[in-house]
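Colleague: Could you walk me through this one while I have it open? I would like to start with the overall picture and then go into some details.
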Amino acid sequence: MKHLFKHTLLFLGIVVMTFSCQKENLDEQDPNNNLEEDGNTLFKKGKLYEYTQVKDFVKSLKTKKKIEDIHFRTGLESENGFIILEHQEIAIHSGDEYNTYTIPIVKHQQLEGTFSNLVVQFKVASDSTSAYILTYKPNSGYLDAYALDNQTPFSGQVSYESLNYDGSLDGLNARRFCQTVHISYCNWDQGTQGAVHLAGSNCTPSFTWVESYQICDYSSPTGDPETIEPPEGSGGGGGGSSSSPNTGNSTSTIPADLISEVVTILNLNTSNNQQELVWLNTFSNFPEVISMYLYLKQNEDFLGNITQEDKDFVEAVIEAMIEDDDLEFESLKTWVDGMDKKCQRNVLFMSIMKVNSTFTNMIKSDYIISEDNDIKISDLSVGQGNPPLVTGSGAGTDPNPGSNTETNADVIDINFNNTHLDKATNLGFVNTFYHELLHAHIYHLYHDDELLTEYPNYTTLKIALDNWFANPNDTTKENIAQQELHNIYVDFIDDLADSLHKYCIENNIGGVDLIYAKKLVWGGLNGYDVFNDDDNLTPAERTEAQTLLAYENFNNTQNAKGTKTCN
């Protein structure tokens with residue numbers, strides 16, 4: 001894992017069209033792709049999961065396990081020593097003969113100062129498929145130019161590397177030493193001829209041309225890799241209209257010894273953090289470690305300092321991922337990205353990830369691990385959010401889902417009142433959080449037409465929500481829906497109280513048994529019919545519930561069970 005990179009690791013979306021010195025057929029693959037028809041269909045960029053053909057191909061590569069491998073890496077990874085960076089954008093070229101996908105990877109033995117792409121190519125008219133690695137070693141002039149303009153075409157050395165498989169893809173050619181690579185360039189810029197750059201999705205075809213390079217393996221009889229210098233002029237011409245070119249390039253600064261750098265930042269040691277150290281040094285976790293490192297560096301101040309809250313968050317994520325390997329750092333980070341108050345963010349995050357209860361496990365399964373639905377947490381001021389936060393409220397949940405632009409998942413927003421987060425004990429705003437999470441859960445079920453499937457007895461709630469969403473400006477219908485939304489809490493009091501009780505155990509908060517926790521949950525229903533119903537609470541019980549919750553919401557240090565650890 002040592003000496004992986006030097007200077008800058010560039011995940012570069014160079015779109016290539018290739019023809020090998022020999023050709024061999026692979027396992028049958030569907031030659032039809034799912035490229036969009038709008039815009040310039042010649043060049044595209046996107047995430048791996050958006051393109052069915054290559055996603056299925058990559059998935060097939062990752063299904064073969066090598067059992068003797070201590071970390072159970074896939075046959076692809078074990079044999080070739082690389083991991084596909086599935087969160088990075090891929091580049092796609094759609095041609096008459098081939099559809100080519102260029103996928104960023106990290107090699108196990110990445111040469112310093114280089115970056116690599118996996119290139120997968122599907123022949124349109126047949127079942128022929130090819131795959132190989134291109135490794136780029138930029139020259140210093142390119143790095144300097146790229147820092148000023150990320151549309152600078154690549155300049156430096158490129159080598160071709162054949163893939164050795166475990167037999168899961170019979171027919172992959174491991175004997176080729178050279179590959180002819182065709183790189184597309186463009187000089188269309190804001191409606192006129194401009195500087196030469198890599199062709200992107202906005203380039204007009206008549207201003208796009210191809211340069212060919214013979215790329216050879218480092219270990220081949222031909223010797224050195226090919227040196228690529230971008231063209232100075234254009235082979236294209238003509239007219240048309242387009243917006244500014246888009247190459248899909250991005251840069252990320254990665255240290256030579258990434259694992260040691262993260263360990264140092266988090267101040268981990270073998271005495272107290274053995275599990276975390278093992279996880280960080282597990283090869284299959286390397287893409288997640290990259291994401292964590294980039295998050296930490298992006299949150300540095302101008303002096304290079306990283307807050308303890310950001311370090312604690314990353315360490316909490318590592319602990320969560322040790323417990324559940326279905327979790328991903330980017331998904332967890334997105335969940336709480338809207339929180340400016342990082343200390344409170346960490347408390348809320350751990351109130352889900354470190355609490356093992358029926359309710360919290362449902363939230364993890366349905367809204368963190370699942371890619372179908374999302375919940376996003378934010379902290380706002382009074383008057384912000386939808387519905388706008390009002391003075392005295394702890395939080396509000398937006399009844400209308402938004403959309404996650406990366407996964408297309410429906411997103412329900414939970415907006416915390418900054419004043420509540422500033423005044424309440426941790427126990428107080430965690431109680432509010434659990435209350436709002438149930439609202440988010442119900443809204444998701446309703447918008448997915450699954451409310452009555454999950455809870456067949458909630459027909460009154462379903463009718464109230466139907467009437468409200470059909471008449472969103474009718475305050476009477478809104479009030480009826482809100483009453484029904486809170487009436488159902490009688491079915492969840494035990495589960496919410498159990499979660500709150502276990503949160504207190506996890507955080508060494510004494511004096512909160514299940515009975516006490518139920519009183520806090522009931523206190524959060526003050527103001528609704530369900531709270532004032534004598535069948536649920538006596539007047540004395542209502543007063544007690546309000547009082548105990550007020551101790552937490554206003555940090556009454558003499559009577560509150562929780563403590564206020566965040567400023």
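Colleague: How many residues does the protein have, and what percentage of them count as buried?
Modeller: This is a predicted model, and of the 567 residues of the protein, 51% count as buried. The accessible surface comes to about 25100 Å², with 45% of that area belonging to carbon and sulfur atoms.

Colleague: And how many helices and strands are there?
Modeller: The protein has 19 helices and 18 strands. As for how the chain folds back on itself, among contacts between residues at least 6 apart in sequence, 66% join residues at least 24 apart.

Colleague: Let's go to helix packing. At what angle do α9 and α10 pack?
Modeller: Helix α9, which covers residues 342-353, packs against helix α10, residues 358-369, at an angle of about 105 degrees, and their axes are 8 Å apart. Angles of 65 to 115 degrees count as roughly perpendicular, so α9 is roughly perpendicular to α10.

Colleague: Which residues make that contact?
Modeller: From α9 the contact takes Ser351, Ile352 and Met353, while α10 contributes Thr360, Ile363, Lys364 and Ile368. Sorted by class, the residues of this contact are four nonpolar, two polar and one charged.

Colleague: What about α17 and α19, what angle and axis distance do they have?
Modeller: Helix α17 (residues 514-523) and helix α19 (residues 539-553) pack at about 90 degrees, with their axes 8 Å apart, and that angle makes α17 roughly perpendicular to α19. On the α17 side the contact is made by Tyr516, Lys519, Leu520, Trp522 and Gly523, and on the α19 side by Glu544, Ala545, Leu548, Leu549 and Glu552. By class, this contact of α17 with α19 has six nonpolar, one polar and three charged residues.

Colleague: Switching to charges, how many salt bridges are there?
Modeller: The count comes to 14 salt bridges. One of them joins Lys354 and Glu506, whose closest N and O atoms are 4.0 Å apart. That pair links distant parts of the chain, since Lys354 sits in the loop between α9 and α10 whereas Glu506 belongs to helix α16 (residues 493-506), 152 residues apart.

Colleague: Are those two buried or partly exposed?
Modeller: Lys354 is partly exposed, with a relative accessible area of 34%, and Glu506 is likewise partly exposed, at 39%.

Colleague: Staying in α16, which side chains there meet in a salt bridge within the helix?
Modeller: Asp498 and Lys502 do, at 3.4 Å from N to O. Both lie in helix α16, four residues apart, which is about one turn of the helix. Asp498 has a relative accessible area of 17% and is therefore buried, whereas Lys502, at 32% relative accessibility, counts as partly exposed.

Colleague: What does Lys333 pair with?
Modeller: Lys333 forms a salt bridge with Asp337, and the closest N and O atoms of that pair are 3.7 Å apart. Lys333 is buried, because its relative accessible area is 15% and the cut-off for buried is under 20%; Asp337, at 42% relative accessibility, counts as partly exposed.

Colleague: Which residues are linked in a network of salt bridges?
Modeller: Asp310, Lys342 and Arg345 are linked in such a network.

Colleague: Now some strands. Where is Ser378, and what is it in contact with?
Modeller: Ser378 is in strand β15, residues 373-380, and it counts as buried at 10% relative accessibility. Leaving aside its neighbours within four places in sequence, Ser378 is in contact with Gly338, Met339, Ile414, Asn415 and Phe416.

Colleague: And Ala131, is that buried or exposed?
Modeller: Ala131 counts as buried, at 1% relative accessibility, and it is found in strand β8, which covers residues 129-138. The C-alpha atom of Ala131 is separated by 7.1 Å from that of Leu118, a residue 13 places away along the chain.

Colleague: Last one: what is the C-alpha separation of Lys123 and Glu97?
Modeller: Their C-alpha atoms are separated by 5.9 Å, with the two residues 26 apart along the chain. Lys123 lies in strand β7 (residues 115-123) and, at 22% relative accessibility, counts as partly exposed.

Conventions. Residues numbered from 1 in each chain as written. Predicted model: local features only at pLDDT ≥ 70, side-chain atom pairs only at ≥ 80, totals over all residues. Heavy atoms only, no water. Axes fitted to C-alpha atoms, helices over the stretch in contact; angles between N-to-C directions. Helix = DSSP H or I, 4+ residues; strand = E, 2+ residues; numbered from the N terminus. Parallel < 35°, antiparallel > 145°, perpendicular 65-115°, else oblique. Contact = heavy atoms within 4.5 Å. Nonpolar A, V, L, I, M, F, W, Y, C, P; charged D, E, K, R; others polar. Buried < 20%, exposed > 50% of the residue type's maximum accessible area, 1.4 Å probe, protein only. Areas by Shrake-Rupley, 256 points an atom, 1.4 Å probe, with all protein chains shown as cover.
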